[in-house]
Amino acid sequence: MITFVMAAFVACVKEEPEENSGLGAGDGVPVFSVTLNDGSIFSDRTIRGKVGVIEFFNTSCGDCRESLPVLQELYESRKAENGIIIAAIAREEGEEDIARFWESHGLTVPYSQQTDRRVYNLFATVGIPRIYVVSPEGIITAAYGPEDAPSLSQLESDVAKAKR
């Protein structure tokens, strides 16, 4: 078990970026649908008409452990807003591990456990965290990979731009 956890922790760092390894600004959000931990559906259709912020993560990834609190801050500051929807989607991680991490780190941003890469692969081929800001028209207006995770102020600026 310890070997598996250590391998998973290093996996987010050791993956070599590929050219065009993920969707970027100007691309349409792919057709996807996941169930969040609160039972609601989060999909390309639920984002339409709103600004969407999506983060792909795994709780054993060091970079994700740094980016998830930033997503939480954005969620806290914007959750009462009607025109924005924020969610985290796991890459190859089950409910028990995520719930334990969420509880121990005081996270409340909605998440979807995904034990495979099916949804993730619609957006990227390698690397987490992956963060996407999507316009109300379904166009990705900002995209970040493990090498350039955004600050809270950058995400706030991206959300404001996506609203226009």
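Begin by selecting the five strands of the open sheet, whose order is β5-β4-β3-β6-β7 with mixed pairing, where strands are DSSP E runs of at least two residues and helices are H or I runs of at least four, both numbered from the N terminus, and where two strands pair if DSSP finds at least two bridges between them. This is a predicted model, in which local features need pLDDT of at least 70 and side-chain atom pairs count only at pLDDT 80 or more, while totals for chains, interfaces and linings use all residues. Residues are numbered from 1 along each chain as its sequence is written, and side-chain values use heavy atoms, with hydrogens and water left out.

At the edges of the sheet you will find β5 and β7, each of which pairs on one side only. Next, select β3 and β6, which run antiparallel and are joined by 5 bridges; here Phe-56 has Arg-130 in β6 as its bridge partner.

Now move to α4, where Ile-98, Phe-101 and Trp-102 are buried, meaning under 20% relative accessible area, with exposed meaning over 50% and partly exposed in between (1.4 Å probe, protein chains only). Seen down the axis of α4, the buried residues fall within an arc of 100°, taken from the directions from the helix axis to the C-beta atoms, so they line one face of the helix. The face turned away from this buried side carries the exposed residues Glu-96, Glu-103 and Ser-104. The buried residues of α4 pack against β3, α3, β4 and β5, contact being heavy atoms within 4.5 Å.
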